[in-house]
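I opened a new notebook for this one.

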Protein chains: 2
Amino acid sequence: MHTVKQAEKIILDHCLEWGLETVPLEQSWGRILREDLRADRDFPPFDRVTMDGIAIRHERFAAGQRRFPVVGVQAAGQPPLNLAQGDACLEVMTGAMLPEGADTIIRYEDLLLEDGFAQVQSDAVQLRQNLHTRGIDRRAGDLLVPAGRQIAAPEVATAASVGKAALRVARLPRVAIVSTGDELVEVAAAPLPHQIRRSNVQAVQAVLAEQLRMEGQLFHFADDREQIAAGMARILAEFDVVVLSGAVSEGKFDYVPQVLGALGVEQCFHKIAQRPGKPFWFGHFRRRAVVFALPGNPVSAFLCAWRYLMPFLRRSLGQEPLPPAPAAVLTTEVAFKPALTYFLPVKLCFANNGTVQAAPLPGHGSGDLANLNDADGFVELPPDRDVFLAGEVFPLLPYRSNHALR
Amino acid sequence: MHTVKQAEKIILDHCLEWGLETVPLEQSWGRILREDLRADRDFPPFDRVTMDGIAIRHERFAAGQRRFPVVGVQAAGQPPLNLAQGDACLEVMTGAMLPEGADTIIRYEDLLLEDGFAQVQSDAVQLRQNLHTRGIDRRAGDLLVPAGRQIAAPEVATAASVGKAALRVARLPRVAIVSTGDELVEVAAAPLPHQIRRSNVQAVQAVLAEQLRMEGQLFHFADDREQIAAGMARILAEFDVVVLSGAVSEGKFDYVPQVLGALGVEQCFHKIAQRPGKPFWFGHFRRRAVVFALPGNPVSAFLCAWRYLMPFLRRSLGQEPLPPAPAAVLTTEVAFKPALTYFLPVKLCFANNGTVQAAPLPGHGSGDLANLNDADGFVELPPDRDVFLAGEVFPLLPYRSNHALR
């Protein structure tokens, strides 16, 4: 049985590549950028006025001049005026180019403007103050955003500023999300006492949508060997990523591994030394598609989607390596005997000392879906220990990142 | 001039309400749930088998019996069989109902199955082991998810499990995002030396989309009083939330506050004691619409959107109160003299001790858009101090929450 790390490595060794596409800038957020964004000119592109006020030659101020005749107004969006008369000034607006011949901006707050003259009220006027110097942020040609970045608002703004009305991003794979199990009925159905509604596939679909703007198509098969075989044959022909839920364990009707094998899907591993999610099965189909066969228990399926499917997708889409995993401080002692990595649900909060605190919320095991609503993530407790002390720090897998960090 | 806290309070005192709508479950992620989700029956709804194996009567095991004839198979999704013969067993599959007359499950790993008999290989068999007891997670009628939750994958799964194929969520407001400024050209245009491309409005649009699945319609007006007045009159008639960028400061062409006043928009405040974003203007139009007039500098506009617009929208949509703001440890000393709250851009990382570390990335001020690509958030440094020491903890405003917490 593989460890979590081994399983993760095998999965990441099977990453795929689905090419690139171009999307309009306003639809690019959340996608993985696959081109470098470079400065098309200097940032800022000219010596830019940063305060409303007047532009002067500093040497006049240094020589003692405090009263300047106002000979014009330099607005934003205008070509630069020329301050030809060295002892005069021009009114200047935020965002305007520095007028030619001027080198220093004095803001209105430090002026008295009257009868066409500006009287400087401050003795602390520095050469080139209130100017954003051309090229000081970035030089034309400089890298602004590297390929591989997941596009968020700053990247959208930067792309706009360098004239990219459309961006090259990773094309998204075709994803099938398949539930199996005779006990499952549709969401809109009224289940009989021995039945429950499908919910894992919708959860995986939501994770894909909210994390990567991916769509997954839903399927359902009964616990019937022929139905699964026929359905999976069609799905393998049409989809790049297949996420199954259920029927991967030791049960008499757990046909999935068998059927996949018969269809030519090569098993990479079956079972990971972890709880929940031990029966997880992973394989590939002619190196063209992959199959994530998640266990059917809701917490198991959810954990495996976050811990294994998401990193696989991010790397396959060409996302830049993520920073080291977050970590959290356990607030209470936890005992866990089995020699398995224990993904413990936790409620997160930020303490005054800058730590992320993880309060254990173990729930009632891998079937306890409702418990996921109360928790914010999982801490990953290593398999070689039985007791995990309050105050110890463990890797954190947050699944409500918006919530936890706001 | 208002403090950050005062400004925030005034804005939150002007929250609006845009009603409710029903959306299909698969489109509900990211929206604000406006109905309670309750258990429609017990969670789990029956004594549920959690391991593949056999079901027995524990009293027979306790009496020393180790060999049980297998008299049938209880699959998931079937009505319960009856273990009428007390010294026999039934094979049971994960997800199945506990057969009537049985009370304990022994997993395959602890069995030898041969010739129609199951030989128990373990002496540690507990009464009711490997069962997920009916109602232990939640009772029928229990609250699973409170109204006000931003819907993420666990909520989608829970809604599916209780039969909600559609959810009541907050209706989204009509949002206009308006740039002003003669220096601004379209993204696809080639700017002249004194011009730059629009980028603030796209950034705000992206924040709305990625945080709340909201769409904003973009507008642009030149620095022309009549054009702004006519355009704003139309926008105020049609939109609930108006986000402006630029023309709110002291400049000769900063017509926005004036024009808004003339149109009947009531100013709540102008200017906040903060950097960046000091010229921020906020008002309301007959308590039916609000106007966020952000400064035109890109870092200012971006910060104000996160710090003021987002909390306003979240509360107006009925989102439950968020947990206390996150906090981060400053990695290096920072000096900042002005008596203003300083929102310092920072690069985040998680340290081994469970803290979030914020490395200052001040950039070159409020015009330095490119710097936002390298940072992950802002720390909020209070106005009553000049020096902020390495190791001190300050409130954190992360704008790349996905990135920072993965």
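My entries on chain A and chain B follow.

**Ground rules.** I am working with a predicted model, where local features need pLDDT of at least 70, side-chain atom pairs count only at pLDDT 80 or more, and totals for chains, interfaces and linings use all residues. Residues are numbered from 1 along each chain as its sequence is written, while chains are lettered from A and ligands numbered from 1 in the order in which they are written.

**Chain A, overall.** I looked up the secondary structure of chain A and found nine helices and 28 strands. Helices (H or I, at least four residues) and strands (E, at least two) are DSSP runs, numbered from the N terminus. Chain A is more spread out than a compact globule, because its radius of gyration is 30 Å, well over the 22 Å that the globule rule gives for 406 residues. That radius is taken over C-alpha atoms, and the rule is 2.2 Å times the number of residues to the power 0.38. I then read the extents of the C-alpha trace: about 95 × 50 × 40 Å along the principal axes of chain A.

**Burial and contacts.** I noted that 51% of the 406 residues in chain A are buried. Buried means 20 or more other C-beta atoms within 10 Å of a residue's own; exposed means 12 or fewer, partly exposed lies in between, and C-beta atoms are placed from the backbone. Of the chain A contacts between residues at least 6 apart in sequence, 70% join residues at least 24 apart. A contact needs C-beta atoms, placed from the backbone, within 7 Å.

**Strand β6 of chain A.** Strand β4(A), residues 53–56, runs antiparallel to β6(A) and is joined to it by three bridges. Strand β5(A), residues 67–74, pairs with β6(A) in the parallel sense, also over three bridges. A:E91 is the bridge partner of A:I54, and A:V73 stands opposite A:E91.

**A sheet in chain B.** I traced an open sheet of six strands with mixed pairing, in the order β16-β13-β17-β21-β20-β18. Its edge strands, β16 (216–221) and β18 (265–270), each pair on one side only. The twist averages 20 degrees from one strand to the next. Inside the sheet, β13(B) and β17(B) pair in the parallel sense over five bridges. B:A176 has B:V242 as its bridge partner in β17(B).

Methods. Two strands pair if DSSP finds at least two bridges between them. Two residues are in contact if their C-beta atoms, placed from the backbone, lie within 7 Å. Axes are lines fitted to C-alpha atoms, for helices over the stretch in contact, and angles run from 0 to 180 degrees between N-to-C directions.
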